[in-house]
Amino acid sequence: VVANAIRAREQSRTMLWLQESQNALREALQGDPSADGVAAQALRVLGDRLGAPVGAVYRLEGESLVLVGGMAMPSSQPPLLAGRTGLLGETVQRGVPRRLTSLEGAHLRVASALGESAPAELLLAPLTADGEAVGAIELGRVGPSPVSPEQADALLRSSANAVGVALRAALLREQLRELLEETQQQSEELQAQQEELRVANE
């Protein structure tokens, strides 16, 4: 009986933590942030909740992953990952979060004014909007995790759509703004041509 009560209390605590994390993320993504604003806010909230001081958000463009924004990244972070290759590309293809430990080689690095270091653990997750992949997020931990692997996985799974929808909306707003500016420029050029015709006809 006591073991069941302890287990129920632990499950309740985990569910509360997950709900608080989701609420913090939703609140951070409110409004109409730009794509890099979505990346910055998502990385800040998820990084804080998961104990990950470094991260990157990539958007899916065709078969490539394009860097949208990052947190504590070195300037050498690749702006484009060609094809759906590598760990992040594979994560997008699988459609499920991944956790990698015992890292070797050059992965996402933590950069500060004092230098760079490799994270001890990577958390990778696809970003989705209405069931379709729109990008990926990569977070790096340097020290021990403040949460269990199950909690981290649950938060990344539950955040994938919220961040993905916000990212897609931001990208669509940017495209719409560009189209509006282009239309406005064409309208001004047309007005100038009409004025020239009017003057030539007088």
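In the predicted model, Thr-91 is located in helix α3. Its relative accessibility is 0%, and Thr-91 is therefore classed as buried, the cut-off for that class being under 20%. When neighbours within four places in sequence are set aside, the contacts of Thr-91 are with Val-96, Arg-98, Leu-124, Ala-125 and Pro-126.

Helix α3 spans residues 86-94, and Leu-88, Gly-89 and Val-92 are buried in this helix together with Thr-91. These residues lie on the same side of α3, because the arc that they cover around the axis is only 155°. Gln-93 and Arg-94, by contrast, are exposed on the other side of the helix. The buried residues of α3 pack against a set of strands, namely β1 (54-61), β2 (64-71), β3 (80-81), β4 (98-101), β7 (121-129) and β8 (132-141). Just after α3, a positive phi of about 80° is adopted by Gly-95.

The packing of helix α2 was examined next. Helix α2 comprises residues 35-50 and packs with helix α4, residues 149-201, at an angle of about 165°, the two axes being 9 Å apart. This angle makes α2 roughly antiparallel to α4, since angles over 145 degrees fall in that class. The crossing of the two helices, α2 and α4, is right-handed. On the α2 side, the residues in contact are Ala-35, Val-38, Ala-42, Leu-46, Arg-49 and Leu-50. On the α4 side, they are Ala-152, Leu-155, Leu-156, Ser-159, Val-163, Ala-166, Leu-167, Ala-170, Leu-171 and Glu-174. Sorted by class, the contact of α2 with α4 consists of 13 nonpolar residues, one polar residue and two charged residues.

Helix α2 also packs with helix α1, which covers residues 2-28; the axes of α1 and α2 come within 9 Å and cross at roughly 160°. The helices α1 and α2 are therefore roughly antiparallel to each other, and α1 passes α2 in a right-handed crossing. From α1, the contact involves Trp-17, Glu-20, Ser-21, Ala-24, Leu-25 and Ala-28. By class, eight nonpolar, two polar and three charged residues make up the contact of α1 with α2.

Terms used:
Residues numbered from 1 in each chain as written. Predicted model: local features only at pLDDT ≥ 70, side-chain atom pairs only at ≥ 80, totals over all residues. Heavy atoms only, no water. Axes fitted to C-alpha atoms, helices over the stretch in contact; angles between N-to-C directions. Helix = DSSP H or I, 4+ residues; strand = E, 2+ residues; numbered from the N terminus. Parallel < 35°, antiparallel > 145°, perpendicular 65-115°, else oblique. Left-handed = near helix turned anticlockwise from the far one by under 90°. Contact = heavy atoms within 4.5 Å. Nonpolar A, V, L, I, M, F, W, Y, C, P; charged D, E, K, R; others polar. Buried < 20%, exposed > 50% of the residue type's maximum accessible area, 1.4 Å probe, protein only. Arc of directions from axis to C-beta.
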